[in-house]
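Keep the structure beside you as you read.

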Amino acid sequence: MDHQPKFFENLSGAGKAIAVLTSGGDAQGMNAAVRAVVRMGIYVNAKVYFIYEGYQGMVDGGDNIVEVSWESVSSILQVGGTVIGSARCKSFRTREGRLQAAFNLVQRGITNLCVIGGDGSLTGANLFREEWSGLLEELAQKGKIDAEAVKKYAYLNIVGMVGSIDNDFCGTDMTIGTDSALHRIIEVVDAIMTTAQSHQRTFVLEVMGRHCGYLALVSALACGADWVFIPEYPPEEGWEDTMCVKLSENRARKKRLNIIIVAEGAIDCHNKPITSEKVKDLVVQRLGFDTRVTILGHVQRGGTPSAFDRILASRMGVEAVLALLEATPDTPACVVSLSGNQAVRLPLMECVQMTQEVQKAMDEGRFLEAVRLRGRSFENNLNTYKLLSHKRPDAELPKTNFNVAVLNVGAPAAGMNAAVRAAVRVGMTEGHKIFAVIDGFEGFARGKIKEISWGDVGGWTGQGGSILGTKRTLPAKYLEKIADQMRTNNINALMVIGGFEAYLGLLELSAAREKYDEFCVPMVMVPATVSNNVPGSDFSIGADTALNTITDTCDRIKQSASGTKRRVFIIETMGGYCGYLANMGALAAGADAAYIFEEQFDIRELQANVEHLTEKMKTSIQRGLVLRNENCNENYTTDFIYQLYSEEGKGVFDCRKNVLGHMQQGGAPSPFDRNFGTKISAKAMQWISKKLKETYRKEGGKVFANTDDSVCLLGMRRRNLVFQPVAELKSETDFVHRIPKEQWWLKLRPLMKILAKYKTSYDVSDSGQLEHVAMLPKEAETGAI
């Protein structure tokens, strides 16, 4: 659809007052949302107010409602919780309390409210909006405000953002705080696994989530837990026996530990609670295993927000201000949320009603319906977990007589091992024999190939790097030898997990089909590279982990710069020619500028950036952070920029530089990468099975696939996971610079500039349409996890 870009310059906030509050339980990333609302509000010339202590502050008024400036939200991006406080408020539940709140807002001319909280907070906001005109009339009757004020402030606009670690709000893929809570859980699980392994222990971990099993389910998927209890999918009658058999089978397979994850709201099929203590007692009594319980508690709500939550909250905060500016008396109160990789606006009450439907379905024992109502992403997580956690007895597995080879190509990326594990286990469940290729195409040519089993990939999800080994070598110079190996091992399909080299490799193999029949088999690529530069996919496995590494490092560097004052850091990130890491890292770390190859810059721009920083040093924020992609410009190197800044900033600020290097490729994979890797790889293996059935020729007794659609790349596109023939992606690729010609994240570039106080234009064509919850595509796979 070709549309004229719509820019927000014509949306002015002049004369408008926006207030922001956080309510209900706190969540990491709330501060990033508050910061974005304040800065975007000021950017469009609106007055912006903080309301401290949630609705309580709105009712109490006085110093709880204060106008804020640009600098008020400096240095809060990396802080967990909420700096403006949150409180449960009984008085706001009464009409008397809401009357007082309305009076306090009208006194300051506030008619735009941005509420960051859970479903309870947002429902309260909607009721307030519906009563607003009645409340003003009552205030006028009591003589507290005049008739002029009733007319002037006749309407209250409300936009909500969901801040909750539980991810229990329908209509949004990821709520602010969920990803960070998963980071906390996975850090704990990884740590517990090492001690459990030493002592051959069983650990029962209880995670938060109230009546929603999302955190438990996703962490079970991300650490390969043996068993998980969630409220939406209670275990069947007799689960005690089934679970104990499963645990002892795992021990018999030489597995030295068991991990059982229990959601705090877990129930059995009679709606009776299943507690972590009950599970522990059962394991001890039945199996006599050394068992420990760990209740994670409020650790999950604490700590610094992940890169994903900071970017999500910043995007939502800006979107919320745009929604408030565009609101009319007729638009319903809306929630800004994320669907796939897109910001969307949804009617607040539709979301709340659907969220309440889930609880109702669970109360009435309609559990399948509850899972469906939780949304496509939840359902996919559950199905993938079921597929990967329980090995069916060999006698029950189908036998297809197909052999599928799995290999890693390119540079290592965190999450590759999770993808290999999922491929192996799903492939075995589908009845294939799976072969692991060591060291990429080079290893393939040398015959480094062996059959791999279910147990071989146990515990792989949390491992960083590439256990199979990976090389950047392309197959072109080894075609003959690779064809020999495929013939010798009777390989009927290929699954390649890797970066740009994997994409080039598949192009080379498909071009060689004319000469070698061995390559006439289904081939699929799963994108895995920290650079996120593969055409056909918005995300690649490994990029999220690298982004978190960059963000963590930037946080530390900012802290150092704040201590010394008047210091600017120039930080070089990886990514080849792709500016994803530099741009998104800058957004997540609150940088002042990011130099990338996709947006050419010259000496004038460098000069403007130096002047901007000089101005900044006159304020109370006396530090600067500048990110530079390693290949953004061959002449304006990191050293050049460092020297230029040092010279131009003399007497005003001094400079330091830091090249992050290969630490961006290492480390344990983030929850996002483990899950994305697991789900995308499982889907790719199911595609292979389908293609093998379609291309098997009975008469010759072999697989023969030579059409373009039998060599595909599975990528995340906006809201869906899509298989795309690599041949069709050629036209979308800049082969010289190894990047896609069009990249979605460039649209977020102005966001970073606005939040760093630069004047810029921001294309808002994608936002502004109010969608309905039921209309969200059921196929949507999340840009979250």
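At roughly what angle do the axes of helix H4 and helix H11 cross? The axes of H4 (residues 119–141) and H11 (residues 348–363) cross at roughly 135 degrees and come within 10 Å. That makes H4 oblique to H11.

Before going on, please note that this is a predicted model, in which local features need pLDDT of at least 70, side-chain atom pairs count only at pLDDT 80 or more, and totals for chains, interfaces and linings use all residues. Residues are numbered from 1 along each chain as its sequence is written, and side-chain values use heavy atoms, with hydrogens and water left out.

Helices (H or I, at least four residues) and strands (E, at least two) are DSSP runs, numbered from the N terminus. Axes are lines fitted to C-alpha atoms, for helices over the stretch in contact, and angles run from 0 to 180 degrees between N-to-C directions. Angles under 35 degrees count as roughly parallel, over 145 as roughly antiparallel, 65 to 115 as roughly perpendicular and the rest as oblique.

| Helix pair | Angle | Axes apart |
|---|---|---|
| H3 (residues 95–107) and H4 | about 75 degrees | 9 Å |
| H7 (residues 214–223) and H22 (residues 671–695) | about 80 degrees | 9 Å |

H7 and H22 are therefore roughly perpendicular to each other. Val218, Leu221 and Ala222 of H7 make the contact with Arg674, Asn675 and Thr678 of H22. Sorted by class, the contact of H7 with H22 has 3 nonpolar, 2 polar and 1 charged residues.

Finally, look at Gln28, found in the loop between strand S1 (17–22) and helix H1 (30–43). Is Gln28 buried or exposed? Gln28 counts as buried because its relative accessibility is 0%; buried means under 20% relative accessible area, exposed over 50%, partly exposed in between (1.4 Å probe, protein chains only). A polar atom of the Gln28 side chain lies 2.8 Å from the backbone oxygen of Gly302.

Conventions: A polar contact is a pair of N or O atoms within 3.5 Å; within protein, one must be able to donate a hydrogen and the other to accept it, and residues adjacent in sequence count only if both atoms are side-chain atoms. Contact means heavy atoms within 4.5 Å. Ala, Val, Leu, Ile, Met, Phe, Trp, Tyr, Cys and Pro count as nonpolar, Asp, Glu, Lys and Arg as charged, and the others, Gly among them, as polar.
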